[in-house]
Amino acid sequence: MPHRAGREATSCMHKRRLVILLAVLLLAALPRFSWAVTVMDDLGRRVTVKGQVRRIVSLYPAHTENLVALGVRDRIVGISQGDDPDLVKGARQLPLRPSPETILSLKPDLVVMRSLQSSMQPQLISQLEGFVPVAVLDPPSFDGLESYVLRLGTLVGRRKEAHQGAQAKLKWALGILEESRRRNRGRSLGAVLIVNNRDATTCSPGTWPSRLMEASGLPPAVQGVPTSEGSAVARLGAEGLLAASPKIKVILVQRGPMNPGGLEDFLRDQRFAPMEAVRRGSVFQVDERDVSRPSLMRLQRGLNLLSSIREGAK
């Protein structure tokens, strides 16, 4: 009897250990299978991420910068050609049109891009989504920042940080807008942002750069420019720019991938020589990344840059 009781006690102890072991294994596996989030991307697709995102491929610099702002720098394993490699050291910099095989070789849990990427590579999403969730998020307008950051944060498990960060930045920026309107009432200088010299394109109303300009006392002087639906760029053309010359006190020429020639090429172009702002020397080069990239990291820098130009303009 004592031996039988001992065997039963040992058996019960083994069973308890087995139950504990199974519970630990189930708990370890639980996040992977029970945690899932779904967001609607800008192509109207429902994108579901299951489990924690540990490896991210970002194919647009603004996404990369906003992911860093959300505190997931160490999870980014692939970045776009236009990204600053020093921002995410160790991440692989991908070409403009990366192959699906190259992307998948990085073993991502999530790929984020903008719709321009899918336009350049129409088959890329379908080639990837059987293996990894793909979210298409377009550059937000200033007013769309909160929704954009919340969706991005939700996908990477940082919804709380996204909500707090976006709310804080928006509150600060809207306060700047109101203070700027009050301070510059009656003394704002009408300005134009040249997005591309060749076609004399500018920013559309309500876009990120136009709102930064308003906040800095440099409101866009040219209104009602025809633009494609959803486009952040409006085509003025040289004739339209010259016709608006009397209203334009400051010309901002951005330099970057969309306008590599920047200020130098603009001033060399004789089409623009008759403009009053050109004759007065009120033409300034701005970094495309600081003015046109919708980034939480660059919001302060962009406002400071434009405000300093406003103060120094003739």
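The side chains of Glu161 and Arg158 form a salt bridge, with 3.4 Å between N and O. A salt bridge here is a side-chain nitrogen of Lys or Arg within 4 Å of a carboxyl oxygen of Asp or Glu. The model is predicted: local features need pLDDT of at least 70, side-chain atom pairs count only at pLDDT 80 or more, and totals for chains, interfaces and linings use all residues. Residues are numbered from 1 along each chain as its sequence is written, and side-chain values use heavy atoms, with hydrogens and water left out.

Glu161 is partly exposed at 33% relative accessibility. Arg158 is also partly exposed, at 22%. Buried means under 20% relative accessible area, exposed means over 50%, and partly exposed lies in between (1.4 Å probe, protein chains only). Across the whole structure, 16 salt bridges are found.

Two further pairs lie within helices. Helices are DSSP runs of H or I with at least four residues, strands are runs of E with at least two, and both are numbered from the N terminus. In helix α8 (residues 208-215), Arg211 and Glu214 sit 3 residues apart, about one turn of the helix. Their closest N and O atoms are 3.4 Å apart in a salt bridge. Arg211 is buried at 10% relative accessibility, whereas Glu214 is partly exposed at 31%.

Helix α11 holds Glu276 and Arg280, 4 residues apart, about one turn of the helix. Their side chains meet in a salt bridge of 2.9 Å, N to O. Glu276 is partly exposed at 29%, and Arg280 is partly exposed at 25%. Elsewhere, salt bridges that share partners join Glu65, Asp290, Arg293, Arg298 and Arg301 into one network.

Phe272 lies in the loop between α10 (262-268) and α11 (276-280). Phe272 is buried, with a relative accessible area of 1%. Beyond its neighbours within four places in sequence, Phe272 contacts Asn197, Ala200, Ala238, Leu241, Leu242, Phe266 and Val278; contact means heavy atoms within 4.5 Å. Ala238 is 34 residues from Phe272 along the chain, yet their C-alpha atoms are separated by 7.3 Å.

The structure has 1 cavity of 30 Å³ or more. A cavity is a set of points on a 1 Å grid over the protein atoms alone where a 1.4 Å probe fits but cannot get out; lining residues have an atom within 4 Å of a point. The largest cavity holds about 40 Å³ of space. Grid points are joined across faces, edges and corners, and volume is the space filled by probe spheres set on the points. β8 (191-194) and β9 (201-203) each supply at least two lining residues.

Note on methods. 1 Å grid on protein atoms, 1.4 Å probe; cavity = no way out; pocket = protein on both sides within 12 Å on 5 of 7 lines; lining within 4 Å.
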